[in-house]
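Reader: I would like to learn how to read a protein model. Can we go through one together, feature by feature?

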Amino acid sequence: MRIPALALLALVTLTSATSESAAQAGAPDAGVPDAAATAPPFPLPPADTRTTAQIAALWNRQRTPAPGPARAIGGTAAGCLQGAEALGLRGPGYVLIRPSRRRGFGHPAMMAFLRRLAAAAKQKRLPPLLVGDISQARGGPTPSGHRSHQSGLDVDLFYALPHGVNATQLVAPLTETIVLPPVVDLHTHKMTRYWTEAVRTLIEQAARDSAVDRIFVNPAIKRQLCHELPRDTAWLGRLRPWWAHHDHFHVRLACPTDSPACVPQDPIPPGDGCTAIDWWFTTDSQSTQTKKQQVEATKAIELPPACKAVLGAPSR
């Protein structure tokens with residue numbers, strides 16, 4: 001599918017990501033066609049809500065991946081994806097939740113990670129993975145304002161199924177309507193009855209994978225694990241506390257070696273990250289979250305130039 005030239009010239013600004021680093025700017029990808037690598041930067045018209053929604057709609061309309069070798073371009077909060085792979089509705093050890101959102105596409109490194117995690121979960125007799133958003137067919141921003149998941153290197157994994165529901169029941173329309181339970185009560189910051197050894201084991205298995213850069217979890221989960229585990233547990237440092245994430249955890253992979261235009265986040269500080277966890281339960285944390293949301297509602301960022309060619313490439 002080709003996008004009209006005027007629509008492509010409008011491709012631009014998006015709200016900034018809820019990530020730990022502001023370093024999400026992109027760069028031309030030497031692995032994509034020359035036209036993409038040398039494309040001029042996107043113009044920057046006023047960042048009003050309507051324009052942002054129209055831009056996101058352009059990316060959301062793409063039903064097929066952009067042709068060419070797999071490339072994660074830019075940052076996960078300001079980027080796109082070439083040569084994506086699609087995750088099926090269900091497969092060995094996983095079920096895709098809310099497939100109508102059409103966000104079951106990812107870089108091959110992401111699909112390989114999900115296969116490894118599903119296999120490890122099965123070996124440990126854990127339930128199948130409940131896979132939420134990965135990326136759209138060509139990445140980019142989404143109409144719902146989910147501001148990361150743009151380059152095929154992020155995935156949301158739900159913690160648990162409601163009591164009385166098992167994975168064999170997860171077929172349409174239940175996969176679209178099911179409400180997945182939280183393991184943290186957002187009002188009390190206490191763990192719910194859905195916090196189990198199986199959930200803890202799943203998080204650990206994901207964090208131990210060498211392809212993982214970091215995992216975002218609710219601060220109460222990080223605090224709980226800091227209390228439960230030895231403080232020298234190496235993988236614990238990959239768990240980064242972040243607001244919400246009470247019903248799912250967010251896995252972010254490191255930039256793949258095949259994607260030189262992929263922009264990584266700043267490195268995680270040394271250590272297990274437990275010493276600073278108490279800040280997340282203070283009034284300062286609450287006010288910081290409010291200010292951050294206000295800034296993100298108006299702040300605009302620029303997609304990498306190579307994303308213009310990704311969006312306009314013919315369907316393969």
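Reader: Which residues does D185 touch, not counting residues up to four places away in sequence?

Author: Start with the term: contact means heavy atoms within 4.5 Å. By that rule, D185 touches K190 and T192. D185 itself lies in the loop between α5 and α6. Its C-alpha is 9.6 Å from that of D247, and the two are 62 residues apart in sequence.

Reader: What kind of model is this, and how are residues numbered?

Author: This is a predicted model, in which local features need pLDDT of at least 70 and side-chain atom pairs count only at pLDDT 80 or more, while totals for chains, interfaces and linings use all residues. Residues are numbered from 1 along each chain as its sequence is written, and side-chain values use heavy atoms, with hydrogens and water left out.

Reader: How many helices and strands does the chain have?

Author: Helices (H or I, at least four residues) and strands (E, at least two) are DSSP runs, numbered from the N terminus. The chain has nine helices and 13 strands. Of the contacts with a separation of 6 or more, 80% are between residues 24 or more positions apart.

Reader: Is D185 buried or partly exposed?

Author: Buried means under 20% relative accessible area, exposed means over 50%, and partly exposed is in between (1.4 Å probe, protein chains only). D185 counts as partly exposed because its relative accessibility is 29%.

Reader: Which residues is I221 in contact with, leaving aside neighbours within four places in sequence?

Author: I221 is in contact with Y159, V183, V184, M191, W195, I203 and H245. I221 lies in helix α7, residues 219-228. With a relative accessible area of 0%, I221 is buried.

Reader: How are two packed helices described?

Author: They are described by the angle between their axes and the distance between the axes. Axes are lines fitted to C-alpha atoms, for helices over the stretch in contact, and angles run from 0 to 180 degrees between N-to-C directions. Here, the axes of α4 (residues 108-123) and α6 (residues 197-208) come within 10 Å and cross at roughly 140 degrees. That angle makes α4 oblique to α6. Angles under 35 degrees count as roughly parallel, over 145 as roughly antiparallel, 65 to 115 as roughly perpendicular, and the rest as oblique.

Reader: Which residues make the contact of α4 with α6?

Author: From α4 they are F113, L117 and A120, and from α6 they are L202, Q205 and A206. By class, five are nonpolar, one is polar and none is charged. Ala, Val, Leu, Ile, Met, Phe, Trp, Tyr, Cys and Pro count as nonpolar, Asp, Glu, Lys and Arg as charged, and the others, Gly among them, as polar.

Reader: Where is R98 found?

Author: R98 is in the loop between β6 (94-96) and β7 (105-106). Although R98 is not a glycine, its phi is positive, about 55 degrees. R98 counts as partly exposed, at 25% relative accessibility. H149 also has a positive phi, near 60 degrees, and is a residue other than glycine. H149 lies in the loop between β8 (129-131) and β9, and counts as buried at 3% relative accessibility.

Reader: Which residues does a cis peptide bond join?

Author: The cis bond joins A172 and P173, with omega about 5 degrees. P173 sits in the loop between β9 (154-158) and α5 (174-177).
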